[in-house]
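Student: I have a model open and want to read how its chains meet. Where do I start?

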Amino acid sequence: MNTASMKLITIFAEHVLKDRLISDLLRLGATGYSAGDVEGVGNRGTPIAWQGPNVRIETIVPPAVADRILAALENDYLRDYAVVVWVGTVEVLRPEKFSGPTPRRTP
Amino acid sequence: MNTASMKLITIFAEHVLKDRLISDLLRLGATGYSAGDVEGVGNRGTPIAWQGPNVRIETIVPPAVADRILAALENDYLRDYAVVVWVGTVEVLRPEKFSGPTPRRTP
Amino acid sequence: MNTASMKLITIFAEHVLKDRLISDLLRLGATGYSAGDVEGVGNRGTPIAWQGPNVRIETIVPPAVADRILAALENDYLRDYAVVVWVGTVEVLRPEKFSGPTPRRTP
C-alpha cells in the first residue's frame, strides 16, 4: 500500500470566518479541505465567547506546510477570534496528492 | 509557536444524550466542545442497536481531565447506552485555554 | 479503565459513494460507522475535481481489519474517484465491541 505520514489540522471557528480560513489554507499550500457545520463553545477565557453557528474545517498537509499554516493561524486569528486549532499525525493513502506546487505568493 | 499536547475525546451517541453528555463534559473540566449531527450505527453486540439521529461530540482536554471524563463515561453511559468513545493525542495552539479552573463539584 | 488501541479510518468522498462505501466497510469487518455531510474539495490533481455534496465517514477497527479496508479502498476507489482516506491510532473504551465475527465472504 502507498501510504505516508501527514499532518491533519482541524480548525473550529465562527462560521463567518469560514471562507477566509479556507482561502488562507489553500493559499498556504493545502491541496484540499473539508468543512462541516457544528455547534459548540470555544474555550472559557477567550476574548469573545460565542455560541452561534460554527464550522469545523479539516485539511491534511505535509509537515512543512502544517508549520506554515499554524504560524499563520497563530498570527492572524488567535488574538482576535475564538478559534480552536489542533494537529495530529495520520497516515494517508495516495500521499502524492497532498503536496501541491509551491504556494502562490500574494504581493 | 505556542503548542502543547492534549487529549482529543470524541463521543458518538444517540442524539437524545447530547445535552447530558455536554453538561457532564463541562462539569468534569472541559473548557469547550463541538457537536455535529451524524448518522451511523454503533457496534454490533451493543445492548441497544440504533439507527436514529446521532451526535458526534468532540472536546480537547489536558490528560488528567481526560482520565476523569473517560472514567465517568465508562461508569455512567457504557453499560446502558450504545455510546462509542475514542481518544487521541493532538497538539493544540494556545494550550492555556484548555485548562479551566478546578472543576465544580456537585454535592 | 478498559481501553485498547484501534485504528480510526476517515474517508472523505462524493456523497453518491456513501452507501457503497459503508456497505464495503461493514462487509470487510467494521462493526459500526458514523457519516456526516460536509463540503470540501479533494486534492488538486485528482482525475475528477468536484465540489458537490460530500460525505465524511468514520470507522474504528482493529489493525488487521484496517489493513483489509485500506487495501480495498486503494484497489476499488482511488483510481476512479477523488476519495481521500486517512488513518490514525486512537484509544477506545469498550474495545471488545470493535471486533466483530470473521467478515462475511462474498462469492
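Predicted model: local features only at pLDDT ≥ 70, side-chain atom pairs only at ≥ 80, totals over all residues.

Student: Which residue in β2(B) is the bridge partner of Gly40(A)?

Tutor: Ser34(B) is the partner of Gly40(A).

Student: How many residues does each chain bring to the contact?

Tutor: Count residues by C-beta distance, with a cut-off of 7 Å. Chain A supplies 24 residues and chain B supplies 18 residues.

Student: Which elements of chain A give two or more residues to that side?

Tutor: β2 (33-41), β3 (54-61), α2 (63-76) and β4 (84-93) of chain A do. β2(A) gives the most, with six residues. That is the strand that the three bridges join to β2 of chain B.

Student: What is the side of chain A that touches chain B made of, by class?

Tutor: Sort its residues by class. There are 11 nonpolar, eight polar and five charged residues on that side.

Student: Now chain A on its own. In what order do its elements run?

Tutor: Read from the N terminus on: β-α-β-β-α-β. That order holds two helices and four strands.

Student: What share of chain A is buried?

Tutor: Burial is a neighbour count: 20 or more other C-beta atoms within 10 Å. Buried residues are 44% of the 107 residues in chain A.

Student: And how do I read sequence separation in the contacts?

Tutor: Take the contacts in chain A with a separation of 6 or more. Of these, 79% are between residues 24 or more positions apart.

Key. Residues numbered from 1 in each chain as written. Chains lettered and ligands numbered in written order. Contact = placed C-beta atoms within 7 Å. Nonpolar A, V, L, I, M, F, W, Y, C, P; charged D, E, K, R; others polar. Pairing = 2+ DSSP bridges. Buried ≥ 20, exposed ≤ 12 C-beta atoms within 10 Å, placed from the backbone.
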